[in-house]
Amino acid sequence: SAMTKLQSQSTSNPTSIYGVTKLAQEGLCHSVLPAKDIDYNILRLQNVIGPYQSPLNPYTGLMCWFIDAALKNETISVFENGEIWRDFIDVRDVCKAITTGFTNKIQISDIGSGYPTNLKDFAANIVSIVNSNSKINKVNNFRLGDVRWATSNEKSPYTQYKVNDSIRDYLESTKYLKWNKNLEIYSIKLF
C-alpha cells in the first residue's frame with residue numbers, strides 16, 4: 001500500500017468501496033439539495049471512539065478489539081508494519097461539534113482531533129491502561145484500498161477529550177471488564 005496522507009483538503013480519489021460510497025453520497029447532496037433550496041452540512045467524521053461504543057462494529061471496533069486482546073494478555077497485531085496513523089476523536093466532542101458548530105448555509109466539516117495517532121502507539125496505550133502483558137506485533141499485512149495516513153487538517157475547536165481519556169471512559173462507562181469478559185469479537189470475519 002502506498003504511503004498516502006489523506007486530509008480534508010486533499011483531492012478526493014477514494015481507493016476503497018467505503019470511500020467511493022461516501023463521496024457518492026456527498027455528490028448527491030451537492031446535486032439534489034440546492035435545487036430544492038435545502039441547506040445542508042456534510043460531516044466527515046474521523047475515527048470516533050468513546051463511551052458506549054459497540055465492540056461488534058467492524059468499522060469502529062479497533063479500540064474494542066485491542067482492549068479485548070489486552071484484557072486476555074494476547075498479542076495485538078497491527079497491520080502495515082505498524083505504520084498506520086489515524087485521527088481519533090471522542091464521541092462527546094463529535095456531539096458538541098454537531099450541536100454547536102454550524103453557522104454556514106452549506107458547509108463541509110472534517111470532524112477530528114487534528115492529532116494523528118500511530119496504531120502501534122494506540123495499542124501500547126491500551127496495554128498500559130488495562131495493565132496488560134500483551135505484546136504488540138507489527139504485521140506485514142495490507143488491506144486492499146486502505147491508506148496509512150488519515151487525519152483532519154487541523155484540531156477541531158470542539159476537541160476536549162484526549163485519546164487516553166476516551167479509552168478510560170469507555171472502559172468505565174460500559175463496565176467492559178464485567179460484561180465483555182466472554183465476548184469473542186474475533187469470530188467476526190472482517191476481510
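**Exercise 1. Find where Ser166 lies in the structure, and decide whether Ser166 is buried or exposed.**

Step 1. Ser166 belongs to helix H5, which covers residues 163–173; helices (H or I, at least four residues) and strands (E, at least two) are DSSP runs, numbered from the N terminus. The model is a predicted one, in which local features need pLDDT of at least 70, side-chain atom pairs count only at pLDDT 80 or more, and totals for chains, interfaces and linings use all residues. Residues are numbered from 1 along each chain as its sequence is written, and side-chain values use heavy atoms, with hydrogens and water left out.

Step 2. The relative accessible area of Ser166 is 1%, so Ser166 is buried, where buried means under 20% relative accessible area, exposed over 50% and partly exposed in between (1.4 Å probe, protein chains only).

Step 3. When neighbours within four places in sequence are left aside, Ser166 is in contact (heavy atoms within 4.5 Å) with Ile49, Gly50, Asp90, Arg92 and Tyr161. The C-alpha atoms of Ser166 and Val91 are separated by 8.4 Å, although these residues stand 75 residues apart along the chain.

**Exercise 2. Describe how helix H2 packs against helix H4.**

Step 1. Two packed helices are described by the angle between their axes and the distance between the axes.

Step 2. Helix H2 (residues 62–71) and helix H4 (residues 119–129) pack at an angle of about 45 degrees, and their axes are 9 Å apart; axes are lines fitted to C-alpha atoms, for helices over the stretch in contact, and angles run from 0 to 180 degrees between N-to-C directions.

Step 3. This angle makes H2 oblique to H4, because angles under 35 degrees count as roughly parallel, over 145 as roughly antiparallel, 65 to 115 as roughly perpendicular and the rest as oblique.

Step 4. On the H2 side the contact is made by Leu62, Met63, Phe66, Ile67 and Ala70, and on the H4 side by Leu119, Phe122, Ala123, Ile126 and Val127.

**Exercise 3. Identify which residues touch the most other members of the largest nonpolar core.**

Step 1. A nonpolar core is a set of buried Ala, Val, Leu, Ile, Met, Phe, Trp, Tyr and Cys residues joined through side-chain atoms within 4.5 Å.

Step 2. The largest such core has 21 residues, of which Met63, Phe66, Ile67, Ile76, Phe122, Ile126 and Ile167 touch the most other members.

Step 3. The elements giving two or more residues to this core are H2, strand E4 (76–78), H4 and H5, and H2 gives the most, with six residues.
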